[in-house]
Every structure is written in structure tokens, then in C-alpha cells.
Amino acid sequence: MSEEKKITAADLNAQDATLLADLDDAMANCMKCGNCQAVCPIYRETHQEQMVARGKISLMQGVLSGRLPVSKNFDHIMAMCLNCKSCAANCPCGVEADELILRARNAAVKARGLHPVKKNVFRLLANRSLFDAALKLGGMFGWMTFKEIPGKNAVVSRLPMPGMDPERATPPLAAKPLRSQYPEVIACPHPKYRVAFFTGCTINYMYTDIGKAVIDVLRANEVEIVLPPKQHCCGTPVHVSGEFALANEMAKHTIEVFEHLDVDYIVGACGSCVEALKHYPEWLSDDPAWRARAEKMAAKVREISELLVERGYRKDMLGNVDRVVTMHDPCHMVRGLGITAQPREVLKSIPGLTFREMKEHDRCCGSGGSFCMAHYEMSRKINDRKCDNIAATHADYVATSCPSCRMHITDGIIHRKLPQVVYHPIQLLAASYHAGGFE
């Protein structure tokens with residue numbers, strides 16, 4: 001009998017290296033200049049080299065060379081990133097470090113598998129019917145486990161919740177999800193155009209007030225709206241965790257739901273969701289047929305303020321909203337989509353509203369989707385800086401085009417005992433239409 005071959009650490013490292021082999025040229029473009037240090041929110045708090053983009057790229061190169069394995073520590077370090085895209089935006093060499101880090105997370109998933117908690121959460125998320133039933137049930141009985149914080153559209157848990165800091169404020173689950181409150185087609189007698197509304201998870205199950213505002217604004221502008229009942233999560237939480245295969249399946253589901261609809265546009269009110277839908281062609285780039293379908297759908301996708309500015313919206317029926325408003329730019333809006341002027345144009349068109357820009361308006365608030373759940377203390381420190389900038393404006397409201405940012409900034413405002421309330425810009429526009437007499 002021949003002697004069984006012994007697998008060495010070097011063999012395992014070499015296998016890990018193949019997971020990143022196609023990124024060799026991209027990583028080689030990093031000059032290690034340190035420009036990413038100036039803009040990385042996590043590095044600012046930790047001053048640890050492995051937490052900044054160039055440090056993470058050095059670790060990836062160690063795996064690529066076979067010197068380092070895709071270890072538990074490698075996995076942890078790659079997870080310590082908000083995917084805020086600041087490093088890529090500030091890189092003189094054009095290195096898309098944020099995408100490289102996502103690929104490193106994907107390598108970790110392939111080498112080590114998902115953390116059991118994430119695996120179970122994603123299993124639930126991938127099952128549309130079960131996920132819908134679970135969140136509807138949570139909305140029905142949420143009052144038993146969560147206590148409302150008046151005036152902030154937020155709640156705090158009455159009981160210890162697995163994976164959640166006991167002091168964390170979150171939005172309440174809606175007693176009735178948004179899509180359950182409307183017919184599939186919200187008709188208009190003489191529509192100027194027709195849109196499909198991609199609600200996403202947070203707007204459908206938590207911030208239904210944002211969804212209602214989107215619908216009211218579109219109705220005020222004589223737009224017919226389709227709410228596809230089979231739509232589901234865009235896949236962003238799964239994709240940014242490195243589980244590309246499952247995220248791609250979710251992307252395919254979204255494409256199948258929306259591609260055959262007779263609509264002029266597909267509109268969303270969450271920067272992360274809209275970015276995902278527009279980037280599906282890149283997610284599915286390895287499959288030419290699916291990429292083509294993704295490109296056709298993505299061409300119709302618009303963020304709500306982007307659509308309104310592009311097509312024009314009624315200003316003759318706007319009423320006064322006598323408030324001072326500042327704005328936080330979500331990372332996936334300003335750096336992922338390049339949309340920053342449009343929501344400001346919408347806000348500044350509202351009679352009576354005073355717009356006051358905050359310092360570092362485009363700096364990450366520390367949310368990072370699920371990052372603020374897994375690394376709450378770190379995200380709170382980053383959020384404190386954002387709250388300082390909000391407080392300095394003495395604004396009444398904070399506007400932001402991302403429900404996750406709204407959630408995290410609200411948590412910071414509550415803990416800091418600040419007076420501001422956080423809204424989506426489209427909510428203030430809807431309030432202006434209602435003040436002008438729209439019903």
C-alpha cells in the first residue's frame with residue numbers, strides 16, 4: 001500500500017492563495033502610500049494598520065504568496081470594514097480597495113464557511129415566504145418585547161435580544177408591512193409615466209413612513225406605481241458578507257420579478273438597494289446571459305430623488321415646511337452612485353425649509369449595514385463624530401437617503417439626548433405636498 005500523502009500547512013496556504021490569484025495585478029497597484037488612512041473611519045478610531053485598506057491589501061498579498069492562511073484572524077480583519085468606499089475614492093492609483101476587501105471576504109467564505117449566526121440569518125433571508133411571515137409576526141407582537149421612544153420612530157428592547165446591545169435603539173417592525181397596505185397597482189387616471197417601486201426590506205417592514213412618502217410624492221406627480229408582491233431583498237447584506245453565490249441568486253430573483261414589467265422606471269428610496277440593482281451586471285459578470293438581463297433591468301433603475309430631478313416634479317403645489325434641515329450623505333449614495341446634488345435640490349425646493357450643511361456631510365456614520373450590529377461599540381464611536389457635526393448645525397431635522405443610516409444616526413441622537421429627528425428627504429417633500437393641499 002502506498003503511503004498516504006501528508007497535507008502540510010504550506011499546502012493549505014497554497015490552496016488559499018488560489019482564491020485571490022486573479023486579484024494579483026489589482027493589489028500590486030497599491031503603492032502603500034497611506035492616503036486611505038486619512039479617510040478610513042475605523043482606522044481613525046483604532047490607529048491599527050490592519051484596519052486600513054493598505055494593511056488589508058498587505059494581508060491579502062501574504063495569502064496570495066502562500067505565506068499566510070485564510071485564518072480566523074484574517075476573516076476578522078476583513079470583516080472590520082464598513083464598505084464606505086472612502087479608501088477607493090481617495091486612492092491616487094485608482095485601487096478599488098473596497099471591492100478587493102469584499103473579494104477577500106468571499107475567499108474567507110470559500111475557505112472557512114460563514115459564521116453560524118450569519119449562516120442561519122441568511123438562510124432565513126433567502127426564504128422569501130418564511131422571512132415575510134417572521135417579520136409580520138414580529139410586527140404584530142413587537143409591542144410586547146420593545147418599548148417605544150416617543151418622537152423618534154424608534155424602540156428599545158425590553159428583554160435581552162441575541163446579537164443586539166441592550167441599549168441599542170432600532171426602528172419598530174411595522175404592524176402591517178408597506179406592500180400589504182396597497183394594491184399591486186396604484187392607478188392614476190392619466191399617468192405621465194409608470195414606475196415599479198423596489199421597496200427593499202427596511203422600508204417594507206420597518207420604515208413604512210418612507211415608502212408612504214415615496215408613493216404620495218409619485219401620486220402627486222401623476223405617476224402610476226406598481227408594487228410587485230414577489231419582490232424580496234436586493235442581496236446587499238449577503239454580498240457584502242462575501243457570500244457571493246447566494247447574493248447572486250437573490251439578484252436573479254429580483255431580475256425575474258422586475259424585468260417583464262411594463263414600466264418606464266424602477267425606483268428605490270434606499271441608496272444601498274439602488275446601488276445593488278444598478279450593479280447586478282457586475283455581480284453576474286461571469287454569466288453572459290444573466291449579465292445581459294441585469295444590464296437591461298439596471299438601465300431603468302433610479303433613486304427617487306434622481307428620478308424626480310431627471311423627469312421634473314411639481315413645485316406649484318408645495319406648501320411650507322418651516323424647519324432647519326441638515327443632510328447626511330450615505331456612503332453608497334455619494335460614492336457608490338454619485339448621487340448627492342439631487343436630494344439637496346429636492347430639499348432646497350421646499351418653501352420655508354432652511355438647508356444647513358453639516359461638516360463632513362459625506363463621512364460614514366458607522367452603520368455599514370450589519371456592521372453596527374456585529375461591532376456596536378466601534379460603530380457608536382464613529383457615529384459620535386457624526387452626531388457632533390449634526391449638533392453643531394442646530395438643525396431641527398437630519399435628512400438621509402438610506403434607511404440604515406437613519407436607523408444608526410437615530411440611535412446616536414437618542415443616546416446623546418439630541419433634539420433632532422431623522423427623516424428621508426422624500427418624507428419632507430411629501431410633507432410639503434400635504435401642506436400645499438395634496439391628499
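This passage describes the overall build of the protein and then a handful of its residues.

The model is a predicted one, in which local features need pLDDT of at least 70 and side-chain atom pairs count only at pLDDT 80 or more, while totals for chains, interfaces and linings use all residues. Residues are numbered from 1 along each chain as its sequence is written, and side-chain values use heavy atoms, with hydrogens and water left out.

The secondary structure comprises 22 helices and 12 strands; helices (H or I, at least four residues) and strands (E, at least two) are DSSP runs, numbered from the N terminus. With a radius of gyration of 22 Å, close to the 22 Å that the globule rule gives for 439 residues, the protein is as compact as a globular protein of that length. Here the radius is taken over C-alpha atoms, and the rule is 2.2 Å times the number of residues to the power 0.38. The C-alpha trace spans about 85 × 50 × 45 Å along its principal axes.

Of the 439 residues, 54% are buried, where buried means under 20% relative accessible area, exposed over 50%, and partly exposed in between (1.4 Å probe, protein chains only). Among contacts (heavy atoms within 4.5 Å) with a separation of 6 or more, 77% join residues 24 or more positions apart. The accessible surface comes to about 19500 Å², and carbon and sulfur atoms contribute 53% of that area; areas come from the Shrake-Rupley method with a 1.4 Å probe, and for residues only the protein chains shown count as cover.

Turning to individual sites, Thr400 is part of strand β11 (residues 397-400) and counts as buried because its relative accessibility is 1%. A polar atom of the Thr400 side chain lies 3.2 Å from the backbone oxygen of His328. Leaving aside residues up to four places away in sequence, the residues touched by Thr400 include His328, Pro330, Cys405 and Arg406, as well as Val422, Tyr423, His424 and Pro425. Within α18, the buried residues are Gln342, Pro343, Arg344, Val346 and Leu347.

The loop between α16 and β9 holds Asp316, which counts as exposed at 58% relative accessibility. The side chain of Asp316 makes a polar contact with that of Arg314 (2.7 Å); such a contact is a pair of N or O atoms within 3.5 Å, where within protein one must be able to donate a hydrogen and the other to accept it, and residues adjacent in sequence count only if both atoms are side-chain atoms. Asp316 and Ala276 are 40 residues apart in sequence and 34 Å apart in space, C-alpha to C-alpha. For Leu68 and Ala17, 51 residues apart in sequence, the C-alpha to C-alpha distance is 8.5 Å. Leu68 sits in the loop between α4 (53-64) and α5 (72-79) and is partly exposed at 31% relative accessibility.

Backbone angles also deserve a look. Most residues other than glycine have a negative phi. Lys32, although not a glycine, has a positive phi of about 60 degrees; Lys32 lies in the loop between α2 (24-28) and α3 (41-46) and is partly exposed at 27%. Glu222, also not a glycine, has a positive phi of about 60 degrees. Glu222 is placed in the loop between α11 (208-220) and β6 (223-226), and its relative accessible area of 29% makes it partly exposed.
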